[in-house]
Each structure stands twice: as C-alpha cells, then as structure tokens.
Amino acid sequence: MRGGCWDAGQAVEEIAVLLRAWRAGELSPEEALEEVEEALYRNNFGPLLEERDERD
C-alpha cells in the first residue's frame, strides 16, 4: 500500500531537509538522491520507485 497523508507529510519534510543540505553543499547529488530514495521507502512510497508493468 502506498503511504497515506501522514506518510506523505513526513516524506516531504525529510526530503526538504535533504534538499537544503544538498544546496548547502553538505551532500553530493548522488548522496542526496540516495537519501531521497531511502526517505520514500521509509515512508511507504517505495513501490513508486519500482519498475512495474503499466497494465497493473
């Protein structure tokens, strides 16, 4: 199941922190993307990152 509204809010907050860190030069682009991916999985949005058949 995809994350709900609470999960979405938490994911956005975490990603915003990561983007600020990236813009400040504290994370490389690769590190920032890896951290964004982890935040999405942690907040139940991992299935959006997985390849799937469009007929699903």
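Guide: The largest nonpolar core has six residues, namely Ile-15, Leu-18, Val-36, Ala-39, Leu-40 and Phe-45. The model is predicted; local features need pLDDT of at least 70, side-chain atom pairs count only at pLDDT 80 or more, and totals for chains, interfaces and linings use all residues. Residues are numbered from 1 along each chain as its sequence is written, and side-chain values use heavy atoms, with hydrogens and water left out.

Visitor: What makes a set of residues a nonpolar core?

Guide: The residues are buried Ala, Val, Leu, Ile, Met, Phe, Trp, Tyr or Cys, joined through side-chain atoms within 4.5 Å. Buried means under 20% relative accessible area, exposed over 50%, partly exposed in between (1.4 Å probe, protein chains only).

Visitor: Why is Asn-44 called partly exposed?

Guide: Its relative accessibility is 37%, so Asn-44 counts as partly exposed. Phi of Asn-44 is near 70°, a positive value in a residue other than glycine.

Visitor: How do you know that the span of α1 agrees with its number of residues?

Guide: The expected span is 1.5 Å times one less than the number of residues. For the 19 residues of α1 that gives 27 Å, and the end C-alpha atoms are 27 Å apart, so the two agree. Helices are DSSP runs (H or I, at least four residues), as strands are (E, at least two), numbered from the N terminus.

Visitor: Which residues of α1 are buried, and why are they said to line one face?

Guide: They are Ala-11, Glu-14, Ile-15, Leu-18 and Ala-21. Seen down the axis of α1, they fall within an arc of 110°, so they line one face of the helix; the arc is that of the directions from the helix axis to the C-beta atoms.
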